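Me: I'm new to this structure and would like to get to know it step by step. Could you walk me through a few questions?

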Amino acid sequence: MDFDLSEEQELFFSTAARWVENECPLTRVREIFNGASGHEESLWQSLMDMGLGGTLIPEEYGGIGLELLDLAVFCEALGAGAVPGPLMGHSLASLAILLAGNEEQKQRWLPRLSSGALIGTVAFAEAAGWQPEDWTIKAQGNLTGTKNHVLYADIADLLVVGVDGGGLVVVERSHGFDIQPVQGADQTRRLDSVVFDQTEYELLPDGVLAASRVRDAGLVLLAADAYGGASRCLDMAVEYAKIREQFGVTIGHFQGIKHQLANMAIRVDPTRFLCWYAAFAFDHIKDESGRAAALAKAHATSMFLDIARDTVEVHGGIGFTWECDVQILLKRAIFNRVFLGTPAIHLERAAALAGW
């Protein structure tokens with residue numbers, strides 16, 4: 001039995017890694033981090049030209065019809081580069097319409113989402129929480145209420161909104177809603193609060209069935225992003241230990257640093273396979289996919305934050321400064337840990353799903 005990626009998936013990852021290196025090095029990330037929108041059209045178009053907008057969308061709707069593992073592999077590389085942009089929210093919105101929409105809705109929206117002509121996102125979080133059972137906005141004639149922590153709502157053309165009872169509806173920008181920017185730590189993924197006031201919407205007929213699946217896909221993508229970011233942090237810590245000198249030798253000679261780097265490595269490397277399994281289970285072992293997604297998100301995002309903090313320690317005082325690239329990944333780790341629910345929430349879900 002082969003537990004590795006296929007040749008096509010290996011190629012997908014290497015292509016993504018080269019794209020990050022050539023098109024979005026950390027020097028460019030810094031520029032976008034400091035920008036007004038956290039979004040650069042040329043980067044977005046480049047991703048769309050590679051087909052990323054339609055990764056999960058079948059060919060009949062203009063996509064390339066791949067699986068979640070394929071997208072997760074690409075997100076792993078994007079996480080390693082702390083690449084900004086609305087891809088995660090866009091992918092989840094596309095998946096929601098694919099799983100929950102009727103044929104007319106799919107024909108209307110999916111081809112334009114696939115090409116990037118439309119940018120989509122999801123609006124799940126409320127004061128009560130992120131999960132479908134936490135949603136309270138009622139879909140009764142129109143929408144009134146607030147959704148928090150919405151990815152790139154300011155540039156989105158349509159929002160897939162979670163509503164009371166665990167359903168999903170679509171709100172197009174033309175229907176009108178108020179956007180209030182949220183100042184988060186991670187400026188590579190911009191957040192807004194969205195206020196609906198008698199806003200028109202369109203119901204996705206199978207939203208109640210699809211909502212948890214869309215949430216789980218988001219957990220897997222966050223886990224993959226977290227693994228990529230943690231792996232990059234480890235590389236940065238090792239490289240710094242090779243060049244930083246104290247007392248006439250590089251700090252990599254010190255036993256304490258050696259042990260710290262070794263402990264980081266044995267936490268980072270196995271996480272990749274946990275993420276891969278969760279992504280594979282989403283499409284092929286659906287009875288296990290919810291628990292696998294919860295565990296992957298809880299473990300990978302906690303691990304990423306710990307590894308980012310360790311990387312700051314290896315860099316010493318400079319690790320906390322704006323001049324050091326580590327702080328960008330640390331802030332991304334903070335985002336990944338909280339977005340779509342904290343590790344504690346998903347560990348509790350995993351336990352419940354296992355019947356514990």
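Me: Happy to start here: in which helix does Glu 10 lie?
Reply: Keep in mind that this is a predicted model. Glu 10 belongs to the run of residues 7-23, which is helix 1.

Me: Is Glu 10 buried, partly exposed or exposed?
Reply: Buried means under 20% relative accessible area and exposed means over 50%, with partly exposed in between. Glu 10 has 34% relative accessibility, so the residue counts as partly exposed.

Me: What kind of charge does the surface patch with Glu 10 carry?
Reply: Glu 10 gathers there with Asp 4, Glu 7 and Glu 8. The charge of this surface patch is negative.

Me: Which residue does Lys 138 meet in a salt bridge?
Reply: Side chains of opposite charge can pair when their charged atoms come close. Here the N to O distance is 3.1 Å, and the partner of Lys 138 is Asp 164.

Me: How many residues apart are Lys 138 and Asp 164?
Reply: Lys 138 sits in the loop between strand 1 and strand 2, while Asp 164 sits in the loop between strand 3 and strand 4. The pair links distant parts of the chain, and the separation is 26 residues.

Me: Where do Lys 242 and Glu 239 both lie?
Reply: These two form a salt bridge, with the closest N and O atoms 3.5 Å apart. They are three residues apart, about one turn of the helix, and both lie in helix 7.

Methods: Residues are numbered from 1 along each chain as its sequence is written. This is a predicted model: local features need pLDDT of at least 70, side-chain atom pairs count only at pLDDT 80 or more; totals for chains, interfaces and linings use all residues. Side-chain values use heavy atoms; hydrogens and water are left out. Patches are made of residues with over 30% relative accessible area and no salt bridge: like charges are joined within 9 Å, nonpolar side chains (Val, Leu, Ile, Met, Phe, Trp, Tyr) within 5 Å. Accessible areas come from the Shrake-Rupley method with a 1.4 Å probe; for residues, only the protein chains shown count as cover. A salt bridge is a side-chain nitrogen of Lys or Arg within 4 Å of a carboxyl oxygen of Asp or Glu. Lys and Arg count as positive and Asp and Glu as negative; His and the chain ends are not counted. The place of a charge is taken as NZ of Lys, CZ of Arg, CG of Asp or CD of Glu. Helices (H or I, at least four residues) and strands (E, at least two) are DSSP runs, numbered from the N terminus. Buried means under 20% relative accessible area, exposed over 50%, partly exposed in between (1.4 Å probe, protein chains only).
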